[in-house]
Amino acid sequence: QLRNMATTGGNLLQRTRCVYFRTHAMACNKREPGSGCSAIDGENRTMAVLGGSLHCVATHPSDMAVALVALEASIHIQGIRGGRTIPIQEFYLVPGTTPHIENIMQPGDVITYVTIPSLPVKSLSAYLKLRDRASYEFALASAAVVAVVENEQIRHIRIALGGLATKPWRAHEAEATLVGKRLNEAIIRSATDATMADARPLSHNGFKLKLARRCIAEAIHMVMEQVG
């Protein structure tokens with residue numbers, strides 16, 4: 001029933017699954033600006049380690065958005081002032097001091113469609129989602145990888161992460177580390193370390209740092225296994 005009624009726009013705009021956002025008895029800056037963030041000192045096992053602030057550490061829940069970031073999709077929006085097209089990487093906002101403003105949508109806007117550009121020739125891709133149970137569960141960590149591999153070297157690569165950040169997260173540092181390189185475990189480890197260098201774990205989610213590194217590494221291996 002959910003899948004029959006769901007839309008792409010609805011998936012991209014879904015709100016966080018943070019328990020404090022959905023429990024009106026607890027403070028939440030995303031729900032009520034200026035009230036505080038209960039997750040920072042509370043139950044924060046599933047919260048973000050990237051892109052958070054003193055005002056919010058809630059993760060973005062969409063799997064589709066993570067894949068679309070790696071695919072460098074564009075979101076087409078129709079509003080009262082006409083239409084505009086926004087690269088998906090610019091669509092979502094980090095919380096900063098205004099966690100209730102999650103994206104660039106304005107009153108009267110509606111997502112009309114999403115476009116995915118043609119991928120480079122010989123592109124390979126993989127998506128890996130790690131979660132507490134096998135179905136109907138949100139990611140603790142996920143990684144989408146799109147890459148072109150020639151002569152055992154990475155010629156092109158895009159990596160996006162989910163379950164780890166306050167928005168679908170583009171792993172620019174990992175991409176810069178990998179492109180032009182011949183893959184081995186040391187290079188992959190350097191890429192994952194670079195991605196997580198600015199991570200800020202909370203009291204209950206430090207395990208996500210190791211989980212994220214393993215998730216990224218395994219997604220890269222999944223791509224490499226497809227190389228003919």
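**A tour from helix H6 to the sheet**

Start with helix H6: its buried residues pack against strand S6 (153-162), helix H5 (172-178) and helix H7 (207-224). Keep in mind that this is a predicted model.

Now select residues 185-195, the span of H6. Colour Ile187, Ile188, Ala191, Thr192 and Thr195, which are buried. Turn the view to look down the axis of H6. The buried residues fall within an arc of 135°, so they line one face of the helix.

Step back to Asn184. This residue caps the N-terminal end of H6. Show its side chain: an oxygen there lies 3.0 Å from the backbone nitrogen of Ala186.

Next, follow S6 into its sheet. The sheet is open, with 4 strands in the order S4-S5-S6-S7 and antiparallel pairing. Which strands stand at the edges? Select S4 (123-130) and S7 (169-170): each has a single partner strand, so one side of each is left without a neighbour in the sheet.

Move to S5, residues 141-150. S5 and S6 run antiparallel and are joined by 9 bridges. Pick out Val149, then look across to Ile154 in S6, which stands opposite.

Last stop: the aromatic rings. The structure holds 1 aromatic pair. Select Phe91 and Tyr92: their ring centres are 5.0 Å apart and their planes are at 90°, so the pair is edge-to-face. Planes over 60 degrees apart count as edge-to-face. Are these residues buried or exposed? Phe91 has 0% relative accessibility and so counts as buried. Tyr92 is buried too, with a relative accessible area of 4%.

Definitions and conventions:
Residues are numbered from 1 along each chain as its sequence is written. This is a predicted model: local features need pLDDT of at least 70, side-chain atom pairs count only at pLDDT 80 or more; totals for chains, interfaces and linings use all residues. Side-chain values use heavy atoms; hydrogens and water are left out. Rings of Phe, Tyr and Trp (its six-membered ring) pair if their centres lie within 6.5 Å; planes under 30 degrees apart count as stacked, over 60 as edge-to-face and the rest as tilted. Buried means under 20% relative accessible area, exposed over 50%, partly exposed in between (1.4 Å probe, protein chains only). Helices (H or I, at least four residues) and strands (E, at least two) are DSSP runs, numbered from the N terminus. The arc is that of the directions from the helix axis to the C-beta atoms. Contact means heavy atoms within 4.5 Å. A polar contact is a pair of N or O atoms within 3.5 Å; within protein, one must be able to donate a hydrogen and the other to accept it, and residues adjacent in sequence count only if both atoms are side-chain atoms. Two strands pair if DSSP finds at least two bridges between them.
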